[in-house]
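Q: Please take a close look at one part of this model: how strands pair within a single chain. Then set that part in its wider setting.

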Amino acid sequence: MLANSRVLAADFDLINPRSLEEVLSLLAAHGDRAALLFGGTDLLVQMKMGRRSSEKVINCRWLEELKGIQEIGENLEIGAGSSLNQVGEDERVRREFPALEDAILSIAGPAIRHMGTIGGNVVNASPAADAVVALVAHRARFRLQNQTGTRVVDSTEFFLGPGKTVRRPDEILTHILLARPQGMSVSGHFRKVGRVAGDIAKLSVAVTAEKSLVGVVNWHVAMGSVAPTPVVLCEVEALLNHNRPLDGDITSAIRATVAQSITPIDDVRSTAWYRKRVSGVTVSDLCEQVWKEFEGGKA
Amino acid sequence: MPEVGRNLPRKDGVAKISGKEPYSHDIHLPNMLYAAVYRSPLAHVRIRYVDTSGAQALGAICLTPQEVPDVIYNERIVSIPTKTYKDRRVLPTVARHVGEAIVGVAAETEELAIRALSSLRIDFEPLPSVLNAEEALKPESPKLYDRIWLGEKPIEMTGNIACERHITEGDPEAGFREADFVVERRYTTPRKYHGQMETKAAVCQPLPNGGINVWATVQSVHNVRQVLGQIYGIPLSKVNVKKLSIGGSFGSSIQMNSIIPICVGLALKSGRPVKLISPREDDMYDHSHYQTEMVLKVGVKQDGTFTAAKMNVIADIGAHHIQADALLGVMAGWLASLYKWKNFQFDGQAVYTNKVPGCALQGFGNPLVNFAVEQHMDIIAEMLGRDPVDLRLQNYIGEGDVFWGQGPSIKSIIESCGVEEILREGSTRIGWNQRREPHEKSGRYRRGIGVARGFHTSGTAGPKPGDVIDFSSATIKVNEDGTVDILTPVIDHGGGTGEAIVKIVADTLHVPYTMVELSDVDARTTGYDVATHATRGVYCGGGAAAHVAEEVRTQILAMAGRILDEEPSGLALDLTAERGTHVYVQSDPNRFVSLKDIAKTAQIKSWGTMAATGSYRQSSAPPCFMGHFVEVEVDTETGEVRVVRAILLSDAGTVVNPDLLAGQLIGAFARGIGFALQEHTQTLPSGTLNHGGWLTDYRMGTSCDVPPPDAMDVYFAHTYESTGPFGAKGVAEAALSSVWSAVANAIYNAVGVRVYDLPITPEVLLEALSAPQLIEA
Amino acid sequence: MTSLILNGEQWTTAVNPTTRLSAALRESGGALDVKEGCLTGHCGACTILLDGQPVKSCLLVSGQAEGRSVISLKGLSTDPVATYLQESFSRAGAVQCGFCTPGMIIVATALVKASEVPLSRDDIRAGLVGNLCRCTGYHKIVTAVEEASYVHES
């Protein structure tokens with residue numbers, strides 16, 4: 001059927017499983033022909049535009065087992081089916097993973113954030129996915145489950161390309177694991193450059209760091225929309241982790257390094273030239289912002 | 001206390017805030033079919049054959065190019081017939097842009113209709129296409145048309161020039177020789193999208209007598225009635241078009257939208273009511289705003305007086321001529337009416353290309369001309385070492401000067417003019433004298449203040465008939481309890497035209513606003529009104545209502561005279577708290593009779609209903625003026641521009657609906673910022689739109705993209721236009737006229753870089769800021 | 001068949017469960033107060049409350065609403081916050097063409113109720129970012145919500 005916004009272009013079966021177990025057996029049987037529907041804010045739009053189609057659509061939106069945020073061991077475990085809103089408003093997320101909160105608040109508007117889930121944001125693997133960039137900066141890990149068991153994958157290794165991840169067709173993302181800062185104070189920020197507020201990113205940056213007794217450590221810098229997958233800016237992190245005060249020399253070096261570390265393209269939203277230039281500016285802006293928070297005695 | 005000038009609840013307010021106000025989308029009739037439209041995937045293609053068997057197998061009714069009436073028309077009939085170019089058919093045998101409607105289908109459900117679309121098999125013969133005006137003007141370019149019509153005259157096309165206008169007044173060449181300086185620049189404005197919230201829609205109900213009822217997104221019930229009657233050969237007495245609320249328009253339904261006759265064709269063929277709602281992606285392929293390239297040359301003397309102005313315009317109009325000839329004429333008029341050029345020349349060409357057809361967008365070319373002229377003013381001011389506001393005050397066309405209205409055939413003398421008040425008040429409020437020059441600014445974030453002034457016409461009328469039809473009608477009657485019905489065909493886009501007409505009638509008849517209502521009407525129950533366009537709703541539509549109300553007033557006095565046994569000339573109509581609306585004897589005020597009693601008596605004694613119907617043409621088209629003082633902040637490292645403060649100043653004569661007028665100014669400002677800084681639609685080499693017809697990539701401003709309420713100031717100048725109802729003019733299109741010019745001028749003041757092409761996106765500005773000659777101390 | 005609670009009443013519809021919820025509500029649920037402006041989740045005209053939370057009904061298929069509670073503007077006719085908002089919109093001149101209005105009022109109602117303190121203008125602007133208005137420029141909508149929020153909290 002012709003792509004159009006009114007009627008979903010392809011015929012599909014909408015299945016409403018009542019438990020995670022049921023989902024896993026459906027995936028075991030049909031995984032390669034099934035799509036997982038959480039919030040639908042991305043999947044349904046893609047289906048309307050004719051960019052994705054599946055024979056079976058498994059509606060996981062209401063599964064209680066996939067919702068909720070729990071403290072388990074050293075981690076905060078976020079159910080993949082938790083709404084973006086639920087995650088963004090959680091006190092623990094605000095305190096300990098501030099870049100994630102920032103990122104979530106930049107997504108669309110409140111209605112989309114009630115509908116969209118953090119798991120959906122991850123699994124759809126858009127290069128522009130906002131929460132993903134922050135999760136990568138916070139070095140999140142993703143738990144995948146199938147009928148035979150579970151495995152945990154680092155967010156830095158999870159994404160293979162636009163829409164492509166290491167998730168196997170018979171697996172579902174169940175939890176996002178975030179290692180909690182142990183007694184250190186955390187600062188983190190996310191910034192998205194777009195055409196209007198709540199837009200899809202032209203480029204996005206997440207910067208996080210921790211303050212320990214020896215100073216500001218564990219700088220993490222990640223970017224979105226400037227490569228086929230979210231990018232960890234390792235060289236920038238190396239520059240920052242030398243624990244010098246952030247001065248003009250370092251910010252210049254950061255900008256130059258950023259430009260070399262990314263491969264943005266020209267598209268309907270922006271140009272490669274612009275993205276290279278402004279990525280460097282945005283990364284160094286956020287690094288300064290994080291630095292100032294710590295300088296200001298937040299520890 | 002008069003109702004004109006008070007803030008009163010909208011007549012449609014309760015319905016709109018409770019979601020009960022019906023739009024075309026909401027009309028539901030028994031036995032209704034749902035329609036969808038197959039649109040061309042190619043930019044230029046002959047439709048050889050349409051195989052509808054697959055669609056018919058799904059139970060769908062189809063309408064193909066072979067089945068529509070062989071009538072060539074222009075869907076906009078505002079201009080007189082001899083000035084109307086025609087190239088449109090209900091469904092074409094040659095599609096001339098990606099997205100042109102080729103086949104209509106109607107089925108029991110929307111889903112079936114879309115499946116039916118997908119099962120059509122169409123035999124295409126692709127033709128070479130041309131996607132930009134420069135290419136289209138070359139002799140070797142593919143030609144869109146072999147023949148078009150001007151009125152009843154066929155025009156054999158040798159190229160792609162749809163029309164051209166050349167207008168000269170005085171001796172511009174001599175003027176340029178006399179000048180001390182000549183400034184010439186090239187400005188461009190892109191194709192963009194109206195973005196009205198309600199996508200175009202139509203519902204058509206075929207009637208047993210061969211007639212039709214139509215509900216649709218229209219700016220003119222009468223024009224749509226006439227074009228449909230003409231296309232389908234149905235006498236107008238059997239064609240009805242209903243007046244209903246529309247979800248915004250901004251000029252995109254001055255013409256009958258292409259889906260309306262398709263819907264009618266399907267209804268007539270199936271014998272059942274048909275509803276056709278354009279999805280957003282179809283709407284974005286149906287209409288856009290004209291893309292232009294303007295070269296402006298101005299001669300000026302050292303003392304700041306102008307000696308000549310010359311503008312060359314190439315308008316890329318896309319695949320159909322909707323109102324391009326009128327566009328060129330009005331652009332000349334807008335240019336002529338901004339400043340005292342002394343000698344003047346306008347040369348414009350409208351060029352066909354295989355792209356989405358362009359049509360009017362709020363201002364109909366005025367904001368485009370303004371972008372060129374108002375930047376030119378700042379360039380000239382800087383060159384002469386003059387203050388930009390002073391230079392404008394020295395040269396503006398104002399009170400007592402000749403105003404060109406919408407072009408050379410519509411000229412009048414300006415009576416009311418608030419330009420000076422606007423410029424002085426705006427300067428004070430923004431802190432114009434504290435403004436610094438670009439070279440005095442430093443740092444990453446730089447602020448700048450810019451000014452621009454604009455205007456628009458109030459309608460297109462004048463003392464004699466011209467190229468454009470302009471008159472309005474009204475029927476007003478007094479009910480048996482003293483309340484009043486108004487039957488007006490004038491469509492309200494949402495800006496409060498309806499409320500204005502109610503207030504004007506209320507004050508003429510001295511009846512409270514709460515006792516006057518707008519009747520549900522249609523083309524059948526109203527006299528002709530050309531359309532709600534050209535900022536004529538209040539001035540012309542309200543003007544006609546005031547005129548007819550005067551006739552009703554005469555009847556009221558006559559009836560009262562019978563009751564009071566007095567000559568009507570000795571009576572007066574008034575409204576007081578104790579007596580309500582009443583007529584009293586001027587020489588003996590204690591003798592009076594209430595309007596309610598007059599009406600009831602007239603009924604009981606079988607005297608008749610006090611009512612009048614009439615049409616009225618204004619004899620003038622007075623300009624409404626606008627000023628924008630804008631402060632922006634530019635992030636010189638990202639090219640992002642933020643509007644931090646804005647003063648919006650208008651001269652609309654008497655302000656009939658203060659809150660709604662402020663709303664129009666603010667709304668236009670918000671749209672203008674979007675158009676200035678990021679909205680544009682580009683056509684790819686395939687002929688498809690870069691955003692694909694999805695709002696995902698045609699982004700319009702959100703609540704966070706406009707300055708916060710405290711950062712915007714609205715001011716109304718104190719003027720009175722004696723030719724307008726209670727001194728009122730229009731304002732609607734003036735509200736947009738100077739927005740992007742002010743933003744561009746503010747950007748220049750912030751960073752010393754001038755951008756001549758809209759939109760001024762961060763990418764464009766950052767590149768301009770990075771140009772080597774600018775990297776200095 | 002999909003069954004859900006629409007504006008407080010049990011409602012069952014035979015529309016295809018993969019039909020978009022906004023169309024199901026409008027066509028067979030009689031909820032014409034739910035407007036459709038883009039069908040891709042950008043304009044917000046289709047906003048409704050699903051189990052009390054604002055969602056864009058054009059991006060849900062009706063099968064996803066099985067067993068849930070859906071409230072459109074009609075269903076808020078006795079809700080004090082929504083009613084106050086309607087009055088303040090009408091007074092403030094926050095309604096022009098009116099097409100965005102039902103969705104705006106639904107989002108604003110949820111926004112006002114979700115806050116324990118009066119909303120600042122920045123909070124309101126952020127809360128309305130998913131609802132487009134092409135006519136008003138948002139200014140008067142923001143001030144109307146601000147007034148309603150203040151009244152709600154006092």
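A: Two strands pair if DSSP finds at least two bridges between them. Strands (E, at least two residues) and helices (H or I, at least four residues) are DSSP runs, numbered from the N terminus. This is a predicted model: local features need pLDDT of at least 70, side-chain atom pairs count only at pLDDT 80 or more, and totals for chains, interfaces and linings use all residues. Residues are numbered from 1 along each chain as its sequence is written, while chains are lettered from A and ligands numbered from 1 in the order in which they are written.

Start with a sheet in chain B. Three strands lie in the order β27-β28-β29. The sheet is open and its pairing is antiparallel. Its edge strands are β27 (571-576) and β29 (588-594) of chain B, each pairing on one side only. From one strand to the next, the twist averages 40 degrees.

Now zoom in on one pair. Strand β28 of chain B covers residues 580-585. Joined to β29(B) by 4 bridges, β28(B) runs antiparallel to that strand. Within this part, B:His582 stands opposite B:Ser594 in β29(B).

Helix α14 of chain B, residues 537-564, lies across β27, β28 and β29 of chain B. It runs at about 105 degrees to β27(B). Axes here are lines fitted to C-alpha atoms, for helices over the stretch in contact, and angles run from 0 to 180 degrees between N-to-C directions. Helix α15 of chain B, residues 595-604, packs on the sheet too, touching β28 and β29 of chain B. Its direction makes about 55 degrees with that of β29(B). Two residues are in contact if their C-beta atoms, placed from the backbone, lie within 7 Å.

One pair is β24 (residues 472-478) and β25 (residues 484-487) of chain B, antiparallel over 4 bridges. In that pair, B:Thr475 has B:Leu487 of β25(B) as its bridge partner.

Next, step back to domains, whose bounds come from an automatic or database domain assignment. Chain B is assigned domain 1 (24-130 + 198-284), domain 2 (416-454 + 624-774) and domain 3 (472-616). The C-alpha centres of domain 1 and domain 3 of chain B are 39 Å apart. Between these two, 17 residues of domain 1 are in contact with 14 residues of domain 3. On the domain 1 side, α6 (221-232) and β14 (239-241) of chain B each supply at least two residues. The largest share, 4 residues, comes from α6(B). That side divides into 6 nonpolar, 8 polar and 3 charged residues. Here Ala, Val, Leu, Ile, Met, Phe, Trp, Tyr, Cys and Pro count as nonpolar, Asp, Glu, Lys and Arg as charged, and the others, Gly among them, as polar.

Chain B also touches chain C. The contact takes 46 residues from chain B and 41 residues from chain C. On the chain B side, α1 (13-17) and α16 (658-677) of chain B each give at least two residues. Of these elements, α16(B) provides the largest share of that side, with 9 residues. The chain B side holds 19 nonpolar, 17 polar and 10 charged residues.

Look at chain C itself. Its domain assignment gives domain 1 (2-74) and domain 2 (78-153). Their C-alpha centres lie 21 Å apart. Their contact takes 15 residues from domain 1 of chain C and 11 residues from domain 2 of chain C. On the domain 1 side, β3 (47-50) and β4 (53-56) of chain C give two or more residues. The largest share of that side, 3 residues, is from β3(C). By class, that side has 8 nonpolar, 5 polar and 2 charged residues.

Finally, chain A. It has 12 helices and 14 strands. Along its principal axes, its C-alpha trace spans about 60 × 45 × 30 Å. In chain A, contacts between residues 24 or more positions apart make up 65% of those with a separation of 6 or more.
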